[in-house]
Amino acid sequence: MSRVVPLGLFYCSIFIGTGASLPYMPVWFRAHGLSGAQIGIILAAPMLARIVIAPALAVWADGFRIRRSPMILLGLAAAVCYGLIGVVSGFGPWLVFWLAASSLLATLIPLADVLTMRRARTEGFNYGLPRGIGSIAFVVANIGMGGLLAWTGPDLVIVWVCAAGLLAAVSARTLLPPDPVHEGGERPGRRDRWRGVSELMRNRPFLLAVVSTSLIQATHAFYYAFSALLWKGQGLSPTVIGLLWATGVAAEIAFMWFLEPWRRRVGPEVLVVIGGVAALVRWTALAFTPPVWLLFPLQSLHALSFAAVFMGSLQLIERNAPPHSASAAQTISSAFSGGLVIGVATLASGALFDAAGVLGYLGMSLLALLGLVGAWRLSVAGRRGSVT
């Protein structure tokens, strides 16, 4: 258990930034005159680009001897790019620097996941414990930024996320162990590292797991981009909006900390199916503007629509990828689930928001149905022991 707290604090340094940027950067862009469609394009750009950027950064990171070294550099670069968003002006420059900052900071998460999962196996702790500690920081950022925005202008969001990037860099250096990237200390050449990526893209069980979980995770796109604006338009205060976001993440933390025995018992395939059903229920209900008292239990479904799918996907990806490609496998999975697929969904969400308002959530319900088809096939294949 010796590494649980330091690893958890490192996750905190990442999520203290994303907990503010996810719900409130759209508010910042809106305050600076952008339309819903323009906000959708900006938010989608790094997600779409991650399908190229994430594998490239993973291959680059695997060229280091110590896993934390590239993570320090990623945090520093992200802080610079976030700061530049507040310096420049206009849709084009904001698009460029948001793409860079988001891509750099997002790559820290799968790299940290690989390190944490290996430590969890060798030291015998639950991976969900440090990850859950990090999620607490997400809750703090949700509530804290929501409360602060009631007193200050949205420019505070830029200062917050820039500081978070710097904190991530410092935390990587001081909190992460000096674990080697490759067992035995070998340092394969760039060509060998890219060959591992090519092998993964021909691995059918790996690809089915990636696509199925990515579709369900992508159903959160409309919520991430526009829930704060929609709730604000329905008369909810920034504090209540922060509490609603925090409720979802608190449910996620509870899942990771206390449901580990159940998670292991049901298996990752069933987790993904359950998460897909929860996503379908959650987004369909939100499309019909439920009262505030019902919003909180609906937000609790985040434990399943996000956390169950996320935990199931980690195990499925690790199971279906060779050890020498672990970084690339988790990064590619993250590039799909937190990149390409959710990027397309976010891009569509901008148009849905402008055209249909809250009914745009029904588009996410359709995505949940598509993800459930793949999730069900994963479950059947898991019982049979193969994917055909």
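Contact is taken here to mean heavy atoms within 4.5 Å. The structure is a predicted model, in which local features need pLDDT of at least 70 and side-chain atom pairs count only at pLDDT 80 or more, whereas totals for chains, interfaces and linings use all residues. Residues are numbered from 1 along each chain as its sequence is written, and side-chain values use heavy atoms, with hydrogens and water left out.

The chain comprises 16 helices and zero strands, assigned as DSSP runs (H or I, at least four residues, for helices; E, at least two, for strands) and numbered from the N terminus. Of its 388 residues, 58% are buried, that is, under 20% relative accessible area with a 1.4 Å probe and protein chains only. Among contacts between residues at least 6 apart in sequence, 84% join residues at least 24 apart.

H302 belongs to helix α14, which spans residues 302-319, and counts as buried because its relative accessibility is 5%. Its side chain forms a polar contact of 2.9 Å with the side chain of R282, a polar contact being a pair of N or O atoms within 3.5 Å, of which, within protein, one must be able to donate a hydrogen and the other to accept it, and residues adjacent in sequence count only if both atoms are side-chain atoms. When residues up to four places away in sequence are not counted, H302 touches H220, Y224, G248, V249, E252, R282 and A307.

Conventions. Buried means under 20% relative accessible area, exposed over 50%, partly exposed in between (1.4 Å probe, protein chains only).
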